[in-house]
Amino acid sequence: MFRFKYLLFILFSVWVVTLAQEPSGKAIMEKALNKSTWKYMQGDVELILINSQGQKRVRKIKMFSRKRNENESDMLMRFVAPPDVKNIAFLTIEHSNADDERYLYLPALRRVKRISSSGKGGNFMSSDFTYYDIGKPKLNDWTYKRLEDEKVDGFDCYKIECLPANKQIAEDTGYRKIIRWIRKDVYVTVRSKYFDNGLKEWKILEVPEIKNISGVWFQTDMIMKDIQSGHSSEMRFTNISVNKKLPDKFFTKRFLTRLR
Amino acid sequence: MRTKIFLILFYFGLSPFVFPQNLDLGGYLKFFAHPNLNSPYGFNRLGTRLQTTFSYGTDNAFFFSSLDFNYEDTSVLGLYEEPRSKGMTIYPVEAYIDLYWENFEMRLGKQFIFWGKTDWLNPTDNINPWDYKNITSEIEDYRLPVTAIKGNYYLGDFNFEGVWILHFEPHKIPVEIPKRMGSLRVENLGTVFPANKLSNTEFALRISSKLLNIDYSFSFFHGYDKNPTFKFFLLPFVQGIPSYLQFQTTYEKIDIFGFDFVTTKDKFTFTGEAAYFSTQDKDGTDIYIKNPNLYYVAGVNYAASDDLSLNFQFSQRILFKYDKSFEEQQWLNTTHQPHKVDEKTTSTVTGNIQYSFGSYTSLMLIGVLNLKDKDFFLLPVLKYSFADGVNISAGATWFGGPEGSPFGRAKKDSKAFLEVKYSFSL
């Protein structure tokens, strides 16, 4: 009898220790969000827009980004191709406690226009990615539940269900639920499923390629498929350079109009 | 002509040696047809344009130029019944050099400088003239470049800007000079432009900055009103009765003090712009020159979704030292004809709807309505992106309203337009 109790105690202890070692959904997300250490980043982006008939349009963009602090960053993008949108430039100055500042330079009008930040759910450059999708999510905006682990393309992944922490987040992002697959070895999201406000499956993100650049893991190829509309968009990153300092004045209206 | 030849030589020949790095070549080829809607002429314009752009840059300097080769089969621009161009014309649209320092920049040459933060109506935008006869989807068709030197000094959030405009360019406005006014014959004395001398050059200053979430600027312009002033002289009297009228077009000096702002809140963008026009009619006694006036525009833009944005603006011009009955009487005394004079206050509303449907099609509708006479201007533009770099635009500039009202007078200028544009980059 004593032996049995002893055995039961040992088994229980092992189970508790094992459970304690298994990270929670939130801990996994926290690690995934905070793993990157870059402050400055620049690179070339190829954005491929594919409509429901399979017609393709390709936009080439130069992108520059910097993190001012944990929750605020600046991003400047300039179109390189096709020629009818060449030199259109876009600047976002993020604020954690106020509306983001967004400026658009339209060379055809020779004007910098300030535009409203139509919510994080607004489409990025007419693609199926939203500004929220390409930005860094805030940990506390969501609640997390760990689901059963799965493999994606042969890699072990954590599977996390993310629910908006409040109604505002759901409205801002347009997502009522997100399920993420995060690779266990490098803590990078390699697949996501997005659900609309009616909890209907809306979009699927596939990440065919990730790369380690100067010690930072980047999703260098991302495909977002809108299941409801049949559209899809692909973002390919090349020539990524990390932590090469960019001057403060770079992220200003002044530089937005510079064609070089 | 010599200047043009020099510019073209510079454009093709010298510039690559001056700026050997980072050569960039591009441009567009465009077919355009502008059928008239209320005119005996079939087309306002019909032709093809090749625009080539060349740019070269280094970290400290940048050269940009765009040159138009315009072949027009039909063109009835300029004054009524006066052909402005037919056949081939070659002209530089822009040609400038940028020089960069740490906190200072300069741009020298033929350029566009647009100020103001509201849409379409900009009281503080007084540097580049308009070509009111050629409003289409392409801004370089209806705005005219100026030869200027522009400097910007940046200090923290402040931008100090100075512009020196070397040569006066007026608006291009359709003007029909009457051959008779009532029983009187009208003799046109022509147009008197400001003499080309240093004291007649124009300049503008602007300070821009940011306070909390508001971008704002103060500006000042000293130069000439780009709108013409029409003067009538009653000459000579024969037995107490005037025999004919003399008519002259002049351009008057003006100082303009401006302010504008823009801010955003959620999906809304709020804009405002105001300018005080200090004219040569300081005491309001000259009936030909516009009285000193305040012109302001307040607007709100709502980005309803990624596909739909709505803009509404209210604007008002208030004349100071203005007595309508005095003006009417003075006109009668001068021309022996009753004349429709300005109201002390004129109010206008504008709306702008932009809607994208599908991935490649968008519709824009701009409307301007003067509240007193209910005269209006409409500009619908439908754009379709046929392929990357190939765009088709169709639309119309439609003027309407009672005879004698500002837009009613321009009914003849209503036209449709169809443009096919292929942009390229080499």
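Q: Okay, then where is A:R110 found?
A: A:R110 sits in the loop between strand 5 and strand 6 (111-115) of chain A. A:R110 is not a glycine, yet its phi is positive, about 55°.

Q: What's the phi of B:W120?
A: B:W120 has a positive phi too, near 75°, and is a residue other than glycine. B:W120 lies in the loop between strand 5 (104-111) and helix 2 (139-142) of chain B. With 18 C-beta neighbours inside 10 Å, B:W120 counts as partly exposed. As background, most residues other than glycine have a negative phi, and most peptide bonds are trans.

Q: And which residues does a cis peptide bond join?
A: That would be A:A81 and A:P82, with omega about 0°. A:P82 belongs to the loop between strand 3 and strand 4 of chain A.

Q: Let's zoom out. What does the secondary structure of chain A come to?
A: Chain A has five helices and 13 strands. Of its 260 residues, 27% are buried. Among the contacts in chain A with a separation of 6 or more, 42% come from residues 24 or more positions apart.

Q: Which residues of helix 2 of chain A are buried?
A: In helix 2 (residues 25-34) of chain A they are A:G25, A:I28, A:M29 and A:A32. These four are on the same side of helix 2 of chain A, because they cover an arc of only 95° around the axis. The general rule behind that: an α-helix has 3.6 residues a turn, so residues three or four places apart point the same way.

Q: What do those buried residues of helix 2 of chain A pack against?
A: They pack against strand 7 (142-152), strand 8 (155-164), strand 9 (177-183) and strand 10 (189-195) of chain A. A:Y144 is in strand 7 of chain A. Beyond its neighbours within four places in sequence, A:Y144 contacts A:G25, A:K26, A:M29, A:I160 and A:C162.

Q: Nice. How many C-beta neighbours does A:Y144 have inside 10 Å?
A: A:Y144 has 19, so A:Y144 counts as partly exposed.

Q: Which residues touch the most other members of the largest nonpolar core?
A: In that core of 26 residues, they are A:L76, A:M77, A:A89, A:L91 and A:M235. Elements that each supply at least two of the core's residues include strand 1 (40-50), strand 2 (56-67), helix 3 (131-134) and strand 13 (232-242) of chain A. Leaving out residues up to four places away in sequence, A:M235 touches A:V45, A:L47, A:F129 and A:M222. Another core, of 18 residues, lies apart from it, and B:I113, B:I165, B:Y251 and B:I254 are among its members.

Q: Over to chain B. How many helices and strands are there?
A: Chain B has three helices and 22 strands. The radius of gyration of chain B is 23 Å, close to the 22 Å from the globule rule for 426 residues, so chain B is as compact as a globular protein of that length. The C-alpha trace of chain B spans about 75 × 55 × 50 Å along its principal axes, and 29% of the 426 residues count as buried.

Q: Where does pLDDT stay under 50 in chain B?
A: Over residues 77-81 of chain B, for which the model has seven contacts beyond four places in sequence. Where pLDDT is low, the predicted coordinates should not be read in detail. On average chain B has a pLDDT of 86, with 90% of the residues scoring at least 70.

Definitions and conventions. Residues numbered from 1 in each chain as written. Chains lettered and ligands numbered in written order. Predicted model: local features only at pLDDT ≥ 70, side-chain atom pairs only at ≥ 80, totals over all residues. Buried ≥ 20, exposed ≤ 12 C-beta atoms within 10 Å, placed from the backbone. Arc of directions from axis to C-beta. Contact = placed C-beta atoms within 7 Å. Core = buried A, V, L, I, M, F, W, Y, C linked by C-beta atoms within 7 Å. Rg over C-alpha atoms; globule rule 2.2 N^0.38 Å. pLDDT = per-residue confidence, 0-100.
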